[in-house]
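Subject: Structure for you to look over

Dear colleague,

I am passing on the structure we spoke about, and below it I set out what was found in it. Please keep the sequence and the 3D view open while you read.

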Amino acid sequence: MAINSQRIQDNIAKAKKGDQVAFTFLLDFYWSEVYNFMLKRTQNETDTEDIAIETFAKAFDRISTYNPEYAFNTWLISIAKNVHIDILRKKKSVLFEEITDDEDSRAQNIADSSPTAEDQLIREQNLSSLLQCIKQLKPQYQEIIQLRYFQELSYQEIADQLHEPLNNVKVKILRAKKLLLEIITKK
């Protein structure tokens with residue numbers, strides 16, 4: 001089914017009223033366009049994903065300022081460009097601390113993939129399949145799923161723990177759930 005411009009405008013109007021389903025629709029519909037545009041600019045999937053997440057978080061936070069005289073995707077792309085510029089500025093600032101390849105490698109090796117007692121308990125409860133799907137996610141999405149659904153932290157508690165804005169956390173959770181659904185559907 002093709003998505004017409006009226007359906008998009010309806011979802012934008014609903015999102016302006018705080019409708020989470022409309023936010024999810026807009027995120028799903030425009031994610032690839034924003035992601036692919038920024039990937040061409042950054043040539044880095046991790047940076048691109050971070051930029052896209054922040055773009056949607058900012059867009060949803062400021063959706064009331066969206067002017068319908070302009071295309072919604074144009075508005076999102078301009079936000080993405082500004083986010084990218086901000087990131088480049090931060091990288092150039094004195095306060096930015098570079099992570100060496102060695103530090104990055106050690107950080108990636110911290111996670112232990114061996115089954116824990118909790119994993120075995122979950123497996124006994126027929127959830128091992130779900131855990132295997134979660135492990136296919138990128139580490140940042142594994143962490144956000146763990147915090148939200150296994151530790152049952154609130155969005156604000158997750159934002160505080162990760163030192164990220166609340167809207168970024170909400171977008172990451174939406175994105176993680178979407179990616180997890182895609183993995184489960186492919187099984």
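His-84 is buried, its relative accessible area being 10%, where buried stands for under 20% relative accessible area, exposed for over 50% and partly exposed for what lies in between, computed with a 1.4 Å probe on protein chains only. This residue belongs to helix α4, and once its neighbours within four places in sequence are left aside, His-84 is in contact with Met-38, Arg-41, Thr-42 and Ile-51, contact meaning heavy atoms within 4.5 Å.

Please bear in mind that this is a predicted model, in which local features need pLDDT of at least 70 and side-chain atom pairs count only at pLDDT 80 or more, while totals for chains, interfaces and linings use all residues. Residues are numbered from 1 along each chain as its sequence is written, and side-chain values use heavy atoms, with hydrogens and water left out.

As for the chain as a whole, its secondary structure comes to 10 helices and zero strands, helices (H or I, at least four residues) and strands (E, at least two) being DSSP runs numbered from the N terminus. Of the 187 residues in the protein chain, 32% are buried. Among the contacts with a separation of 6 or more, 56% are between residues 24 or more positions apart.

The C-alpha atom of Lys-16 is separated by 5.9 Å from that of Ile-63, although the two residues are 47 apart along the chain. Leaving aside neighbours within four places in sequence, Lys-16 is in contact with Ile-63, Ser-64 and Tyr-66.

Next come the salt bridges, of which the structure holds six, a salt bridge being a side-chain nitrogen of Lys or Arg within 4 Å of a carboxyl oxygen of Asp or Glu. Side chains of opposite charge can pair when their charged atoms come close. The side chains of Glu-54 and Lys-58 form one of these bridges, at 3.6 Å from N to O, and both residues lie in helix α3 (residues 45-61), four residues apart, or about one turn of the helix. An α-helix has 3.6 residues a turn, so residues three or four places apart point the same way. Lys-58, partly exposed at 22% relative accessibility, also forms a salt bridge with Asp-86, with the closest N and O atoms 3.9 Å apart. Because Asp-86 lies in helix α4 (residues 72-92) and Lys-58 in helix α3, this pair ties together parts that are 28 residues apart in sequence. Asp-86 is itself partly exposed, with a relative accessible area of 30%, and a network of salt bridges links Glu-54, Lys-58, Asp-86 and Arg-89.

Helix α10 (residues 166-186) deserves a look of its own. With 21 residues, α10 reaches 31 Å from its first C-alpha to its last, close to the 30 Å expected at 1.5 Å a residue, the expected span being 1.5 Å times one less than the number of residues. The buried residues of α10 include Val-169, Leu-179 and Ile-183, and Asn-168 counts as buried at 10% relative accessibility. Not counting residues up to four places away in sequence, Asn-168 touches Ile-53, Glu-54 and Ala-57.

Which residues line the second largest pocket? They are Gln-20, Thr-24, Asp-28, Tyr-155, Lys-170, Ile-173, Leu-174, Lys-177 and Lys-178. The elements that give two or more residues to this lining are α2 (20-42) and α10, and α10 gives the most, with five residues. A pocket is found on a 1 Å grid over the protein atoms alone, as an open set of points where a 1.4 Å probe fits, with protein on both sides within 12 Å along at least five of seven lines, and lining residues have an atom within 4 Å of a point. The volume of the second largest pocket is about 190 Å³, a volume being the space filled by probe spheres set on the points, which are joined across faces, edges and corners.

With best wishes
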